[in-house]
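Please open the model in a viewer and keep the selection panel at hand.

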Amino acid sequence: NAVALFVFPVIGHWLGMGQTQFGTWAAIAIHDTSSVVGAGAAYGEEALKVATTVKLTRALWIIPLSLVSAL
């Protein structure tokens with residue numbers, strides 16, 4: 001996660017990703033929420049918003065998914 005915090009923004013710029021693309025990619029690919037927020041912030045304001053929203057939404061889906069799986 002610490003490596004992703006520094007490497008992902010570099011890769012994102014190298015690939016020419018937009019803010020929204022990078023935020024989505026970081027939220028899906030990086031495991032730790034704090035590293036997602038850090039990488040998003042390093043990439044830009046919009047990337048930070050998208051990354052945080054996608055990561056938190058994904059984390060919140062764990063609750064209903066685990067309840068349905070338990071049934």
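**Conventions**

This is a predicted model, in which local features need pLDDT of at least 70 and side-chain atom pairs count only at pLDDT 80 or more, while totals for chains, interfaces and linings use all residues. Residues are numbered from 1 along each chain as its sequence is written, and side-chain values use heavy atoms, with hydrogens and water left out.

**Stop 1: the whole chain**

Select everything and display a cartoon. The secondary structure comes to five helices and zero strands; helices (H or I, at least four residues) and strands (E, at least two) are DSSP runs, numbered from the N terminus. Read along the sequence, the pattern is α-α-α-α-α. The C-alpha trace spans about 45 × 20 × 15 Å along its principal axes.

Of the 71 residues, 27% count as buried. Buried means under 20% relative accessible area, exposed over 50%, and partly exposed in between (1.4 Å probe, protein chains only). Among contacts (heavy atoms within 4.5 Å) between residues at least 6 apart in sequence, 57% join residues at least 24 apart.

**Stop 2**

Two packed helices are described by the angle between their axes and the distance between the axes. Axes here are lines fitted to C-alpha atoms, for helices over the stretch in contact, and angles run from 0 to 180 degrees between N-to-C directions.

Select residues 33–43 (helix H3) and 45–60 (helix H4): the two pack at an angle of about 160 degrees, with their axes 7 Å apart. That makes H3 roughly antiparallel to H4; angles under 35 degrees count as roughly parallel, over 145 as roughly antiparallel, 65 to 115 as roughly perpendicular and the rest as oblique. H3 passes H4 in a right-handed crossing. A crossing is left-handed if the near helix is turned anticlockwise from the far one by less than a right angle, and right-handed if clockwise.

Show side chains next. Thr33, Val36, Val37, Gly40, Ala41 and Tyr43 in H3 meet Ala47, Leu48, Ala51, Thr52, Lys55 and Leu56 in H4. The residues of this contact of H3 with H4 divide into eight nonpolar, three polar and one charged. Ala, Val, Leu, Ile, Met, Phe, Trp, Tyr, Cys and Pro count as nonpolar, Asp, Glu, Lys and Arg as charged, and the others, Gly among them, as polar.

**Stop 3: H2 against both partners**

H2 and H4 pack at an angle of about 35 degrees, with their axes 7 Å apart, and H2 passes H4 in a right-handed crossing. On the H2 side the contact includes Gln19, Phe22 and Ile28, and on the H4 side Glu45, Val50 and Arg58. The residues of the contact of H2 with H4 divide into seven nonpolar, four polar and four charged.

The axes of H2 and H3 come within 9 Å and cross at roughly 165 degrees; these two helices are therefore roughly antiparallel to each other. Gln19, Phe22, Ala26 and Ala27 in H2 meet Val36, Ala39, Gly40 and Tyr43 in H3. The residues of that contact of H2 with H3 divide into six nonpolar, two polar and no charged.

**Stop 4: the aromatic cluster**

Select Phe8, Phe22, Trp25 and Tyr43, which form one aromatic cluster. Rings of Phe, Tyr and Trp (its six-membered ring) pair if their centres lie within 6.5 Å; planes under 30 degrees apart count as stacked, over 60 as edge-to-face and the rest as tilted.

The structure holds three aromatic pairs. In one of them, the rings of Phe22 and Trp25 have their centres 5.9 Å apart and their planes at 70 degrees, so the pair is edge-to-face. Phe22 is buried at 0% relative accessibility, whereas Trp25 is partly exposed at 26%. Phe22 and Tyr43 form a stacked pair, 4.0 Å centre to centre with 15 degrees between the planes. This pair links distant parts of the chain, with Phe22 in helix H2 and Tyr43 in helix H3, 21 residues apart. Tyr43 is buried, with a relative accessible area of 7%.

**Stop 5**

Which residues does Ser35 contact, leaving aside its neighbours within four places in sequence? They are Asn1, Ala2, Leu5 and Ile30. Ser35 is found in helix H3 and counts as buried at 7% relative accessibility.

Finally, select Leu71, in the segment after helix H5 (62–70). Leu71 is exposed, with a relative accessible area of 93%.
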